[in-house]
Amino acid sequence: MKNFLAILFISSLLFSCTEKIQLDLATLEEPFLIVDATIDDRPSADIIILNYSSNYYAGGSPEAETTAQVSVSFNDSTYTFVHLDQKPGYYISPANFLPRPNYNYILEIEAKGKSYRGESYMYPVPTIDSIGQKRLDDDITLGGGEIEITISFQEPPGIRNYYLFRESVNDTFYYENLNEYGSVFDDFILDGQYADLIPYGIFEYLIGDTIEIFAHSMDETAYEIYNALLTESEFKGGFFDSPSNNVPSNIAGGAKGLFVAHAINSRKIVITE
């Protein structure tokens, strides 16, 4: 899939002198907690994943944090997440945890004698009114080809909004890890307008495929982190590439990672002739 939804931002070009630096990658840093915490307003359970970093030469799978105390608070209530023994490092929300927009969410973690904290505000998300499809080739002898997908929605006026868009084809996501979350953008240009048939992407398809587009709201801090993740994953070492830097985190206490509260809206389309 070729994604057209642009990240809108202003960048500065900085020039600096460089010198050779020798790094001892084996002892560069003590292990630290890595937090992958996403909650949303859908009825399914939410999962928070906790692992520890390892040094450059360690190899193997990261150490999972299995004995932490994990909770999320909002609207004057606190909810304890329970560790899943069958999936080390995974913590699941209780059945009565039902997040909703227009609240601030606070994540608290106690692990190995250390305390960590993150915050994220859940903004409402626009409803995707429709998804359009336009076949880009005439050869469908094999039942497929290339198709352009468009989306339409009303962008809420008056406040700065930030969005993450993802897509699945036949219930399989293209993006499943921290380095490939999808497409992020803000409403700097679009604020308050009706987004009518905006080109979303070009897909290789077969007749009968189901494409689902997901719109996620997020706060400004999460937007900056997603943007940094995308920039980091796209760095190729060329002259005009941005330099590789440590991705920011919104987890206080010495951990790294992301805590984000999404409101989500989605819409499906079945590819037809």
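Here is the request in detail, followed by one connected answer.

Colleague: Which residues form one aromatic cluster, and what is the order of the strands in the open sheet of nine?

Modeller: This is a predicted model, so local features need pLDDT of at least 70, side-chain atom pairs count only at pLDDT 80 or more, and totals for chains, interfaces and linings use all residues. Residues are numbered from 1 along each chain as its sequence is written, and side-chain values use heavy atoms, leaving out hydrogens and water.

Start with the whole. The protein has one helix and 18 strands. These are DSSP runs numbered from the N terminus: helices are H or I with at least four residues, strands E with at least two. Of the 273 residues, 40% are buried, meaning under 20% relative accessible area with a 1.4 Å probe, counting protein chains only.

Now the sheet. Nine strands form an open sheet in the order β16-β8-β7-β4-β5-β6-β3-β2-β17, with mixed pairing. Two strands pair if DSSP finds at least two bridges between them. The edges are β16 (251-252) and β17 (256-262); each has a single partner strand, so one side of each lacks a neighbour in the sheet.

Strands β4 (residues 69-74) and β5 (residues 77-83) run antiparallel and are joined by five bridges. Val70 has Phe81 in β5 as its bridge partner.

Phe81 also belongs to the cluster. Its members are Phe74, Tyr79, Phe81, Phe97, Tyr103 and Tyr105. The structure holds 13 aromatic pairs. Rings of Phe, Tyr and Trp (its six-membered ring) pair if their centres lie within 6.5 Å; planes under 30 degrees apart are stacked, over 60 edge-to-face, the rest tilted.

Take Phe74 and Phe97. Their ring centres are 6.1 Å apart and their planes stand at 80 degrees, so this pair is edge-to-face. The pair links distant parts of the chain, 23 residues apart. Phe74 is in strand β4, while Phe97 is in the loop between β6 (90-92) and β7 (103-111). Both Phe74 and Phe97 are buried.

Lys87 lies over the face of Tyr90, 4.3 Å from the ring centre. The charged end of Lys256 sits over the ring of Phe32, at 4.6 Å from its centre. The test is NZ of Lys or CZ of Arg within 6 Å of the ring centre and within 35 degrees of the ring normal.

Notes
Buried means under 20% relative accessible area, exposed over 50%, partly exposed in between (1.4 Å probe, protein chains only).
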